[in-house]
Amino acid sequence: MSSTSDKIKLPPHASRTAEGLRDTGYQLPTAISDIIDNSIEAEAEEISIFFEQDFRGGLTLEIFDDGKGMSKEELLSAMRYGAERKDKKGNLGKFGLGLKTASTAFADKLTVISRKKSKDQLYTASWDLDHIRKVNDWEMTFRKSNDSEIKDFEKVLKGKGGTLVKWDKCHRIFSGELQDGLKDKKRLVNQTKKIQSHLSATFQRFLDAKDKRARNIIINLNGEAIPPWDPFVLREDKTQKAGRRKIKVEGLQGGPAELELTFYILPREEEFSSVESYQEAQVKPANQGIYVYRENRLIHGPDWLGLLSRDTHYQLCRVEMSFDHRLDEAFQVDIKKSQIILNQALDAEIQEFLRPRVREGNALSRQGERSGIKKTSEEAHKVSNKNIETKAKEVTQPEIIESSQTKNTATIENAKGKVHLKISVTASNDKNAVYVKPADSIVDGLLWRPTIISENIGVEINRNHPYYQKVYVPNLSKGVTIQGMDSLLWGLSVSELNCVEESTKRIFEDLRYDVSKKLRILTENLPDPS
Ligand SMILES: Nc1ncnc2c1ncn2[C@@H]1O[C@H](COP(=O)(O)OP(=O)(O)O)[C@@H](O)[C@H]1O
Ligand SMILES: [Mg+2]
């Protein structure tokens with residue numbers, strides 16, 4: 001058989017292919033970012049997005065840009081699945097699919113209206129999936145724009161060249177039917193916020209006029225300019241630059257290229273200059289990791305690219321990783337540009353850079369946690385003090401005959417008579433009575449001991465005892481539990497002083513020592529507070 005006669009043409013089934021290409025896993029904000037990539041590539045300076053719902057609940061999305069625009073021929077070629085591309089360095093596009101797949105992932109109808117210059121004829125091109133389904137062919141609308149389209153275009157791009165990308169029949173943005181007007185409004189507001197925060201981070205270097213790495217652009221969302229969001233919080237003096245490394249990648253077709261890593265450790269909450277700045281930084285476990293920038297645009301992250309696992313104590317660690325298009329080959333950037341895969345040699349080198357630095361970030365975070373616990377524990381025991389104060393008079397207590405803060409001694413009188421004790425004596429400057437006092441350490445690693453605080457009999461509780469760490473700390477916000485445990489230890493201390501005599505002083509101390517030791521062992525297997 002001849003080799004040419006067994007070749008036949010088998011074009012894809014139009015309707016099913018178009019349908020299949022909708023499911024490449026886009027999230028709405030990433031899809032919008034892909035449309036914006038095209039605008040940036042077309043050298044737009046201002047991009048305006050309108051995301052709106054009409055009175056019947058129908059959603060539309062419009063993205064206007066004042067970039068180079070397209071001629072009739074260019075527009076036609078742009079609409080093709082697998083559009084031809086003029087290979088230009090730094091292009092964010094790939095495969096000539098972005099415009100179509102990003103749009104149809106959410107809309108049944110994509111319309112593009114464009115012109116190069118103000119005096120040029122406007123052309124309208126649209127793919128309507130309902131039509132493709134009906135005729136099962138790659139048939140689209142392409143014509144001179146009509147009056148309402150011209151009006152729509154001019155609404156934003158008055159007398160300018162540029163492009164309008166419009167999504168209609170956006171049935172896929174919210175799953176399910178639109179019914180409840182109020183609920184829909186909420187969903188719309190939430191979705192708009194998500195888009196806003198995604199774009200602030202993704203195009204940060206373009207949006208920040210002070211950032212010289214990328215050309216400056218403006219992106220408006222429903223009439224409001226989107227501010228840049230800096231994950232590395234460079235505005236704070238206490239942000240640490242914990243290291244920078246350039247890694248040269250060889251063996252690429254276009255010659256060697258460089259990957260740049262910068263490790264930042266964010267300040268702890270109390271080190272931020274203001275509450276607003278702390279909130280703006282969005283310090284939380286989900287925001288740790290590597291932020292990957294390709295050609296100045298955030299394409300991935302934050303995560304640890306599989307090199308480390310996420311840990312609550314790494315939440316102050318954020319790493320900037322930048323490269324340009326020359327590294328695409330090494331990274332296997334996918335259609336959505338949102339996934340990157342490293343090779344093994346790079347893996348090892350990046351890991352070696354990360355490890356010592358996350359350890360530093362980890363230590364700083366734990367330090368912050370300890371000081372945080374200290375603050376919460378002061379607060380937690382205050383509730384117990386109040387509770388004990390209201391009941392203290394009804395509880396049998398020995399009389400304090402004299403006490404000395406300098407010598408830490410006291411003489412008390414209980415039912416058994418007078419007894420002289422070595423006991424910690426302190427004055428409190430709290431205006432409310434203090435009965436329960438957390439301490440950073442107690443001799444012999446005791447969990448608790450009786451104490452005299454401003455002439456009241458109280459209890460000192462050792463914050464560094466494992467029982468405190470593992471049983472108290474996880475419950476600091478639970479008022480009743482803390483009051484219960486505090487009452488028990490306070491009760492034990494008062495009873496000790498009610499019953500103690502010269503001859504039994506040592507026995508009580510030994511008992512506390514023994515119980516504290518046993519609790520140390522019993523709490524060993526309880527989880528660490530996280
Ligand atoms: N906003 C725009 N302004 C000018 N040209 C555009 C715009 N959007 C798309 N194009 C043209 O359409 C082509 C196809 O876009 P797209 O489907 O996103 O694929 P890719 O970006 O991979 O080339 C682009 O290469 C560009 O020439
Ligand atoms: Mg594109």
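User: In what order do the strands of the open sheet of 8 strands run, and what is the pairing?

Analyst: Strands here are DSSP runs of E of at least two residues, helices are runs of H or I of at least four, and both are numbered from the N terminus; two strands pair if DSSP finds at least two bridges between them. On that basis the order is β5-β4-β3-β6-β2-β1-β7-β8, and the pairing is mixed. β5 (141-144) and β8 (224-225) are the edge strands, each with a single partner, so one side of each has no neighbour in the sheet. Before we go on, note that this is a predicted model, in which local features need pLDDT of at least 70 and side-chain atom pairs count only at pLDDT 80 or more, while totals for chains, interfaces and linings use all residues. Residues are numbered from 1 along each chain as its sequence is written, and chains are lettered from A and ligands numbered from 1 in the order in which they are written.

User: How many bridges join β1 to β7, and in which direction do these strands run?

Analyst: Strand β1 (residues 46-53) and strand β7 (residues 218-221) run parallel and are joined by 4 bridges; S48, for instance, has N220 in β7 as its bridge partner.

User: Which open sheet has 3 strands?

Analyst: That sheet has the order β14-β15-β16 with antiparallel pairing, and its edge strands, β14 (399-404) and β16 (417-422), each pair on one side only. Between β14 and β15 (residues 409-414) there are 5 bridges, and the partner of S403 in β15 is A410.

User: How are two packed helices described?

Analyst: The description uses the angle between their axes and the distance between the axes. Axes are lines fitted to C-alpha atoms, for helices over the stretch in contact, and angles run from 0 to 180 degrees between N-to-C directions. In this model, helix α11 (residues 344-391) packs against helix α13 (residues 479-499) at about 60 degrees, with the axes 9 Å apart. Angles under 35 degrees count as roughly parallel, over 145 as roughly antiparallel, 65 to 115 as roughly perpendicular and the rest as oblique; α11 and α13 are therefore oblique to each other.

User: Which residues of α11 and α13 meet?

Analyst: Contact requires C-beta atoms, placed from the backbone, to lie within 7 Å. A380, H381, V383, S384, N387 and I388 in α11 meet G479, I482, Q483, D486, S487 and W490 in α13.

User: What is said of phi and of peptide bonds in general?

Analyst: Most residues other than glycine have a negative phi, and most peptide bonds are trans. Here K169, in the loop between β6 (162-168) and α7 (181-202), has a positive phi near 50 degrees. The peptide bond joining G301 and P302 is cis, with omega about 0 degrees, and P302 is found in strand β12 (residues 297-303).

Key:
Contact = placed C-beta atoms within 7 Å.
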